[in-house]
Amino acid sequence: MSSEQPATGSATPSLAEEAAAFDQRITERQQAGFIPDLRRAVKCDYFYKSFWRDPHFARLYLGRNVEILLGFLRTHGRPGMTLLDVGCGPGYYSLEFARAGYHVTGIDIAAKAIASAQSTLDSSPKDPGFGSLNYAVSSLDEMTGTYDAVVFTGVIHHFSDPDQVLAKASSLLKPGGLLICLEPCHERWRRQDAAVVGLIRSLLSATGHWYEPELAGSLRGRQAWNAYTDELVIEYLTERDRHERGQSPNDNASTGEQILASLRRQFTELEYRDGVSFIYRLLGGLRGPDHVVHPLADLIAEFDRYGVAEGFLQPNAFLWAGRRP
């Protein structure tokens, strides 16, 4: 569920708007010093709540997703596979796949995102075992050829017809090829989950470790808690605060359940994994010295995963692996 990933696919009237939205997004972030590389990420105050604010937070959230996706590829694939990363954005997933020895083609409709990805690749040291990585400004519909695996990370939900997107992906896979994805399922998240987030944020605020120092003092009485809980539900559904613009025109065009149903219709399911519940919009809001906030972040991330595993927290995303029949 990376919030960085742009939509790619069929030529709809809003395709140019999608690209423009993500071009603007990456331009602002680059100007603030953002480096889209898990291994070379730097602290960046531009991100007031995102995990990209601190490399430690990025590893706790994004790094864990990378580990799971690479686990899918290693378990169900083979070394040195060819891989198409659809909607690769500034390329941080593509880069990790190539570092793991895969031969990766990353595509995106946002030209500035691809330029950022290429610049990051050009300046990145190549470890022994690096596969290959090539980027192109392209929609999914424009792609030809065949691959051993196709990967989507936070992309399919930008389309109202997942069946059409996945049918195209299937046509680009060799027989028995892998489809790997990470997609949001915000519709599963409940007010109970939002209330847990509200409690954690307010406790952090009360101790001076949340970016909104006034939050704890504002939550007095049932009405105030209800209002804040409702606000959190909307925040996590839209992945933005009230003052922020939307991610892109087609964000949340389909639900996690719609995507999952389409995946299971068109591919043979190999693995399903629940994602996290809330840390991707919480870790970056921590404030304080590293020796304090990093252990806090570790504990909160552990609680999130524990709660999802035990079923008293709902995930906000899922990770999935399937095979073309």
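Select leucine 319 and show its surroundings: leaving aside residues up to four places away in sequence, leucine 319 touches Asn65, Ile68, Leu69, Phe72, Cys181, Leu182, Glu271, Tyr272, Arg273, Asp274 and Gly275, where contact means heavy atoms within 4.5 Å. This is a predicted model, in which local features need pLDDT of at least 70 and side-chain atom pairs count only at pLDDT 80 or more, while totals for chains, interfaces and linings use all residues. Residues are numbered from 1 along each chain as its sequence is written, and side-chain values use heavy atoms, with hydrogens and water left out.

Leucine 319 counts as buried because its relative accessibility is 0%; buried means under 20% relative accessible area, exposed over 50%, and partly exposed in between (1.4 Å probe, protein chains only). Leucine 319 belongs to strand β7, residues 317-323, strands being DSSP runs of E with at least two residues and helices runs of H or I with at least four, numbered from the N terminus.

Next, select cysteine 181, whose C-alpha atom is separated by 5.7 Å from that of leucine 319, although the two are 138 residues apart along the chain. Cysteine 181, in β5, is the bridge partner of phenylalanine 152.

Now widen the selection to strand β5, residues 173-184, where nine of the twelve residues are buried. On one side to inspect, β5 and β7 run antiparallel and are joined by seven bridges, two strands counting as paired if DSSP finds at least two bridges between them. Within this pairing, proline 184 stands opposite alanine 317 of β7. Strand β4, residues 147-153, pairs with β5 in the parallel sense over six bridges.
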